[in-house]
Amino acid sequence: MTILKKFLGFGLGLRTNHYNDVIEQKPDVDWFEIISENYMVAGGKPRYYLDQIRENYPIVMHGVSMSIGSTDPLNIEYLTKLKTLIADVQPEWFSDHLCFTSVGGVNSHDLLPLPYTEESLTHVVERIKQVQDFMGRQMLMENVSSYLTYKTDEMNEWQFYREVCEQADCRMLLDINNIYVSARNHDFDAMEYLRSLNPERVQQFHLAGHSDFGDYVVDTHDHDVPDPVWQLYKEALKLFGPVSTMIERDANIPSFADLTAELNIARNIAEQHIPNIRSQIEA
Ligand SMILES: [Fe+2]
């Protein structure tokens with residue numbers, strides 16, 4: 001089931017405000033990431049636009065509702081819809097978050113961190129394997145930002161994340177901003193986090209902005225990518241080489257021109273650290 005580590009280049013999260021810009025301008029963006037849940041109803045406007053965009057760009061799918069770490073049963077209805085969407089869109093890959101969102105059947109609509117224990121590890125690994133078997137393909141797991149830890153933790157976040165991906169044989173969607181946010185909130189070393197990961201597992205990067213309140217940082221996705229996140233991105237490039245990179249923006253969304261200008265910052269940084277990186281794009 002292992003998939004090759006494919007480098008797609010530099011992409012953006014596709015947002016409804018920008019459908020027309022993308023279709024009319026055919027901008028120099030290498031790929032787009034869609035939020036899977038927004039396209040699960042066949043027909044309708046989102047699918048109308050996506051079908052047109054799909055003709056010109058590689059797509060990856062990113063979900064927010066799998067609740068892979070929950071003790072609730074896996075939602076087969078949701079997974080069936082996701083499988084149908086994968087068959088329709090033919091994405092390069094699909095991803096969700098290493099977290100839980102539901103408890104006792106109640107959806108929190110939040111990406112809640114898991115306890116980093118052996119029991120939790122065994123549980124989530126088994127569920128990722130079940131999802132990958134159901135889909136017939138590997139998936140990517142994203143590290144979430146967090147604002148609390150559990151007294152029962154037996155390992156740190158990066159040990160847990162690494163072990164999950166090794167044991168489940170899934171790949172990593174590494175959110176550089178989330179590492180920065182959690183490192184600030186929990187006072188750990190973001191570089192130690194990055195250095196501990198297996199480069200072979202890292203398939204995609206997310207870059208985003210946050211809100212800095214001094215004593216704590218909130219993962220709001222409503223600002224430009226700030227300098228400390230760019231700095232961490234540079235270090236990630238040195239460690240992991242060419243990895244498909246994209247910018248996530250979910251609130252206070254700028255014009256498409258401003259977003260592509262920000263993507264060009266990522267391209268320039270990557271080019272400085274990996275000369276001719278764009279010639280390595282495999283899409
Ligand atoms: Fe992310």
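Trainee: Where does Lys 129 lie?

Mentor: This is a predicted model, and in it Lys 129 is part of helix α4, the helix that covers residues 118-135.

Trainee: And is Lys 129 buried or exposed, or something in between?

Mentor: Lys 129 counts as partly exposed, because 15 C-beta neighbours fall inside 10 Å, whereas a residue needs 20 or more to be called buried.

Trainee: How far is Lys 129 from Ile 247?

Mentor: Their C-alpha atoms are separated by 28 Å, and along the chain the two residues are 118 residues apart.

Trainee: Let me step back to the whole chain. How many helices and strands does the protein chain have?

Mentor: There are nine helices and twelve strands in the protein chain. Along the principal axes, the C-alpha atoms fill a box of roughly 50 × 40 × 35 Å.

Trainee: What does the radius of gyration say about a chain with 283 residues?

Mentor: The protein chain has a radius of gyration of 18 Å, which agrees with a compact globule, because a globule with 283 residues would have a value near 19 Å. Of those 283 residues, 41% count as buried. If you take the contacts with a separation of 6 or more, 78% of them are accounted for by residues 24 or more positions apart.

Trainee: Which strands make up the closed barrel?

Mentor: Eight strands form the closed barrel, in the order β1-β2-β3-β4-β7-β8-β9-β12, and the pairing is parallel. From one strand to the next, the twist averages 25 degrees.

Trainee: What holds paired strands together in general?

Mentor: Strands of a sheet pair through backbone hydrogen bonds, and the pairing can be either parallel or antiparallel. Here, strand β2 (residues 31-35) and strand β3 (residues 59-62) run parallel and are joined by four bridges, with Ile 35 having His 62 in β3 as its bridge partner.

Trainee: What about β12, which strands does it pair with?

Mentor: Strand β1, residues 10-13, pairs with β12 in the parallel sense over three bridges, and Leu 12 has Ile 247 as its bridge partner in β12. Strand β9, residues 202-207, also runs parallel to β12 and is joined to it by four bridges, with Phe 205 standing opposite Thr 245.

Trainee: Ile 247 keeps turning up. Which residues have the most contacts inside the largest nonpolar core?

Mentor: The largest nonpolar core has 72 residues, and those with the most contacts inside it are Met 141, Val 164, Ile 176, Leu 207, Ala 236 and Ile 247.

Trainee: Pick Leu 207, then. What does Leu 207 touch?

Mentor: Leaving out residues up to four places away in sequence, Leu 207 touches several residues, among them Ile 176, Val 229, Tyr 233, Thr 245 and Ile 247.

Trainee: Now the helices. How do α6 and α8 pack?

Mentor: Helix α6 (residues 176-186) and helix α8 (residues 227-240) pack at an angle of about 115 degrees, with their axes 9 Å apart. The contact is made by Ile 176, Asn 177, Ile 179 and Tyr 180 of α6, together with Pro 228, Val 229, Leu 232, Tyr 233 and Ala 236 of α8.

Trainee: Where is His 273 found, and what does His 273 touch?

Mentor: His 273 is found in helix α9, which covers residues 256-273. Not counting residues up to four places away in sequence, His 273 touches Lys 234, Leu 237 and Lys 238. His 273 and His 186 are 29 Å apart in space, C-alpha to C-alpha, and 87 residues apart in sequence.

Trainee: Last topic, the loops. Which loop holds Asp 187?

Mentor: Asp 187 lies in the loop between α6 and α7, and its phi is near 60 degrees, a positive value in a residue other than glycine. Asp 187 is exposed, because 7 other C-beta atoms lie within 10 Å.

Trainee: And where is Asn 252 found?

Mentor: Asn 252 is found in the loop between β12 and α9. Asn 252 is not a glycine, although it has a positive phi of about 50 degrees, and it is exposed, with 11 other C-beta atoms within 10 Å.

Technical notes:
Residues numbered from 1 in each chain as written. Predicted model: local features only at pLDDT ≥ 70, side-chain atom pairs only at ≥ 80, totals over all residues. Core = buried A, V, L, I, M, F, W, Y, C linked by C-beta atoms within 7 Å. Buried ≥ 20, exposed ≤ 12 C-beta atoms within 10 Å, placed from the backbone. Contact = placed C-beta atoms within 7 Å. Helix = DSSP H or I, 4+ residues; strand = E, 2+ residues; numbered from the N terminus. Rg over C-alpha atoms; globule rule 2.2 N^0.38 Å. Pairing = 2+ DSSP bridges. Axes fitted to C-alpha atoms, helices over the stretch in contact; angles between N-to-C directions.
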